[in-house]
Amino acid sequence: KPSAPSTSERSVSTDERDYEFLEIRNNSSVTQNLNGVTFAANMPVTFTFGNLDLAPGAYTVICRNTNAFQARYGTGIPIAGKYTGALDNGGERIRLESNGVAVLDFTYHDEDYWYETTDEDGYSLVFKGGASDAINWRRPASWRESQLIHGSPGGEDVTAGVVINEI
(Lines give C-alpha, C1' and ligand atoms only; values in the text may rest on other atoms or scores of the structure.)
Protein backbone atom coordinates (compact mmCIF):
# COMPACT_ATOMS: atom_id res chain seq x y z
CA LYS A 1 0.00 0.00 0.00
CA PRO A 2 1.49 3.33 -0.95
CA SER A 3 2.02 5.88 1.77
CA ALA A 4 -0.14 8.97 1.95
CA PRO A 5 0.72 11.69 -0.57
CA SER A 6 3.02 14.47 0.54
CA THR A 7 1.84 18.06 0.62
CA SER A 8 3.13 18.72 -2.92
CA GLU A 9 1.75 15.38 -4.22
CA ARG A 10 -1.73 16.22 -2.91
CA SER A 11 -2.02 18.85 -5.62
CA VAL A 12 -2.00 15.95 -8.12
CA SER A 13 -4.04 13.38 -6.18
CA THR A 14 -5.06 12.75 -2.58
CA ASP A 15 -5.88 9.08 -3.30
CA GLU A 16 -3.06 6.79 -2.06
CA ARG A 17 -4.01 4.18 -4.66
CA ASP A 18 -3.06 6.61 -7.45
CA TYR A 19 0.61 6.14 -6.44
CA GLU A 20 0.59 2.36 -7.00
CA PHE A 21 2.81 0.79 -9.65
CA LEU A 22 4.06 -2.56 -10.89
CA GLU A 23 7.55 -2.86 -12.25
CA ILE A 24 8.57 -5.25 -15.02
CA ARG A 25 12.24 -6.15 -15.56
CA ASN A 26 13.69 -8.15 -18.41
CA ASN A 27 15.90 -10.69 -16.62
CA SER A 28 16.86 -12.46 -19.84
CA SER A 29 19.90 -11.86 -22.05
CA VAL A 30 17.83 -10.92 -25.12
CA THR A 31 15.41 -8.09 -25.90
CA GLN A 32 11.80 -9.06 -25.24
CA ASN A 33 8.87 -7.59 -27.14
CA LEU A 34 5.91 -7.18 -24.78
CA ASN A 35 3.30 -6.56 -27.48
CA GLY A 36 0.06 -8.21 -26.40
CA VAL A 37 1.36 -9.33 -23.00
CA THR A 38 -1.45 -8.87 -20.49
CA PHE A 39 -1.29 -8.05 -16.81
CA ALA A 40 -4.35 -8.96 -14.78
CA ALA A 41 -5.12 -8.94 -11.10
CA ASN A 42 -8.43 -9.62 -9.42
CA MET A 43 -10.79 -7.95 -11.80
CA PRO A 44 -11.19 -5.21 -12.83
CA VAL A 45 -7.43 -4.45 -12.87
CA THR A 46 -6.08 -5.02 -16.38
CA PHE A 47 -3.38 -3.78 -18.73
CA THR A 48 -2.18 -4.93 -22.15
CA PHE A 49 1.27 -3.90 -23.34
CA GLY A 50 1.66 -2.26 -26.72
CA ASN A 51 4.59 -2.74 -29.07
CA LEU A 52 7.37 -2.31 -26.48
CA ASP A 53 10.87 -3.76 -26.74
CA LEU A 54 12.43 -4.26 -23.31
CA ALA A 55 16.21 -4.62 -23.49
CA PRO A 56 18.09 -7.10 -21.28
CA GLY A 57 18.18 -5.77 -17.71
CA ALA A 58 15.79 -2.91 -18.57
CA TYR A 59 12.79 -1.88 -16.48
CA THR A 60 9.40 -0.42 -17.23
CA VAL A 61 6.45 0.29 -14.98
CA ILE A 62 2.71 0.31 -15.30
CA CYS A 63 0.89 2.57 -12.90
CA ARG A 64 -2.62 3.54 -11.93
CA ASN A 65 -2.20 7.28 -12.43
CA THR A 66 0.66 8.58 -14.57
CA ASN A 67 0.55 12.13 -13.19
CA ALA A 68 0.59 10.94 -9.58
CA PHE A 69 3.40 8.46 -10.31
CA GLN A 70 5.53 11.19 -11.92
CA ALA A 71 4.82 13.62 -9.08
CA ARG A 72 6.29 11.09 -6.65
CA TYR A 73 9.06 9.48 -8.72
CA GLY A 74 9.93 12.00 -11.44
CA THR A 75 9.68 11.82 -15.21
CA GLY A 76 12.81 9.77 -15.96
CA ILE A 77 11.26 6.35 -15.38
CA PRO A 78 9.93 4.48 -18.44
CA ILE A 79 6.16 4.06 -18.13
CA ALA A 80 4.57 1.47 -20.41
CA GLY A 81 1.11 2.79 -19.56
CA LYS A 82 -1.51 2.84 -16.88
CA TYR A 83 -3.78 0.08 -15.72
CA THR A 84 -7.45 0.33 -14.91
CA GLY A 85 -8.86 -0.43 -11.49
CA ALA A 86 -6.87 -0.60 -8.27
CA LEU A 87 -4.74 -3.24 -6.60
CA ASP A 88 -6.13 -4.92 -3.50
CA ASN A 89 -3.83 -4.01 -0.63
CA GLY A 90 -5.09 -7.02 1.33
CA GLY A 91 -3.73 -9.37 -1.32
CA GLU A 92 -4.78 -10.84 -4.63
CA ARG A 93 -3.79 -12.93 -7.60
CA ILE A 94 -1.37 -11.38 -10.13
CA ARG A 95 -1.10 -12.88 -13.60
CA LEU A 96 1.14 -11.91 -16.50
CA GLU A 97 0.36 -13.80 -19.69
CA SER A 98 1.37 -13.90 -23.31
CA ASN A 99 -1.00 -15.32 -25.92
CA GLY A 100 -3.17 -16.80 -23.16
CA VAL A 101 -0.24 -18.64 -21.51
CA ALA A 102 0.84 -17.64 -18.00
CA VAL A 103 4.31 -16.13 -17.78
CA LEU A 104 3.80 -15.46 -14.05
CA ASP A 105 0.84 -16.40 -11.88
CA PHE A 106 0.97 -15.92 -8.12
CA THR A 107 -0.96 -14.59 -5.15
CA TYR A 108 0.26 -12.22 -2.46
CA HIS A 109 -1.40 -11.50 0.91
CA ASP A 110 -1.02 -9.06 3.75
CA GLU A 111 -1.01 -12.07 6.07
CA ASP A 112 0.92 -15.34 6.13
CA TYR A 113 4.42 -13.89 6.68
CA TRP A 114 4.21 -11.11 4.09
CA TYR A 115 5.80 -7.82 5.14
CA GLU A 116 3.57 -5.50 7.16
CA THR A 117 5.57 -2.43 6.17
CA THR A 118 4.48 -2.98 2.56
CA ASP A 119 0.85 -2.84 3.65
CA GLU A 120 0.86 0.30 5.74
CA ASP A 121 4.14 2.19 5.53
CA GLY A 122 4.68 2.69 1.80
CA TYR A 123 7.45 0.16 1.15
CA SER A 124 7.30 -1.92 -2.03
CA LEU A 125 7.42 -5.68 -2.30
CA VAL A 126 10.62 -6.73 -4.09
CA PHE A 127 11.18 -10.22 -5.48
CA LYS A 128 14.51 -11.65 -4.25
CA GLY A 129 15.07 -14.41 -6.79
CA GLY A 130 15.23 -14.97 -10.51
CA ALA A 131 12.17 -15.59 -12.62
CA SER A 132 13.21 -19.12 -13.60
CA ASP A 133 11.44 -20.89 -10.72
CA ALA A 134 7.86 -19.66 -10.95
CA ILE A 135 6.82 -21.46 -7.76
CA ASN A 136 9.01 -19.07 -5.74
CA TRP A 137 6.84 -16.14 -6.79
CA ARG A 138 4.12 -17.61 -4.56
CA ARG A 139 6.30 -17.88 -1.44
CA PRO A 140 6.50 -14.96 1.01
CA ALA A 141 10.14 -15.89 1.77
CA SER A 142 11.00 -15.11 -1.88
CA TRP A 143 10.08 -11.46 -1.35
CA ARG A 144 11.37 -8.65 0.82
CA GLU A 145 10.44 -5.09 1.57
CA SER A 146 12.17 -2.37 -0.43
CA GLN A 147 15.06 -0.58 1.23
CA LEU A 148 13.55 2.82 0.45
CA ILE A 149 10.08 4.05 1.29
CA HIS A 150 8.11 4.12 -1.98
CA GLY A 151 10.53 1.58 -3.51
CA SER A 152 12.82 2.35 -6.45
CA PRO A 153 10.78 2.00 -9.63
CA GLY A 154 12.76 1.91 -12.85
CA GLY A 155 15.93 0.58 -11.25
CA GLU A 156 17.52 -1.96 -8.98
CA ASP A 157 16.37 -1.75 -5.37
CA VAL A 158 19.20 -0.63 -3.13
CA THR A 159 20.44 -3.32 -0.76
CA ALA A 160 21.65 -2.56 2.72
CA GLY A 161 24.89 -3.82 4.17
CA VAL A 162 28.23 -4.84 2.77
CA VAL A 163 28.61 -7.26 -0.12
CA ILE A 164 31.90 -9.12 -0.61
CA ASN A 165 32.43 -9.99 -4.27
CA GLU A 166 35.80 -11.76 -4.02
CA ILE A 167 38.00 -13.35 -1.43
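Which residues form one aromatic cluster? I put this to a predicted model. My entry reads Phe21, Phe69 and Tyr73.

**Aromatic pairs**

I searched the whole structure for ring pairs and got 5. I started with Phe47 and Phe49. Their rings are edge-to-face, with 4.9 Å centre to centre and 90° between the planes. I noted both numbers because a pair of aromatic rings is described by the distance of the centres and the angle of the planes.

Are these two residues buried or exposed? I looked up Phe47 and found 9% relative accessibility, so Phe47 counts as buried. Phe49 has a relative accessible area of 3% and is buried too.

**Back to the cluster**

Next I took Phe69 and Tyr73. Their ring centres are 4.7 Å apart. The planes stand at 40°, so I logged this pair as tilted. The angle falls between the 30 and 60 degree limits, which means neither stacked nor edge-to-face applies.

Where do the two residues sit in the chain? Both belong to helix H1, which covers residues 66–73. They are 4 residues apart, so about one helical turn separates them.

I checked burial here as well. Phe69 comes out at 0% relative accessible area, hence buried. Tyr73 has 18% relative accessibility. The cut-off for buried is under 20%, so Tyr73 still counts as buried.

**A charge over a ring**

Which residue lies over the face of Tyr19? I found Arg72 there, at 4.3 Å from the ring centre.

Technical notes. Residues numbered from 1 in each chain as written. Predicted model: local features only at pLDDT ≥ 70, side-chain atom pairs only at ≥ 80, totals over all residues. Heavy atoms only, no water. Phe/Tyr/Trp six-rings, centres within 6.5 Å; stacked < 30°, edge-to-face > 60°. Buried < 20%, exposed > 50% of the residue type's maximum accessible area, 1.4 Å probe, protein only. Lys NZ or Arg CZ within 6 Å of the ring centre and 35° of its normal.
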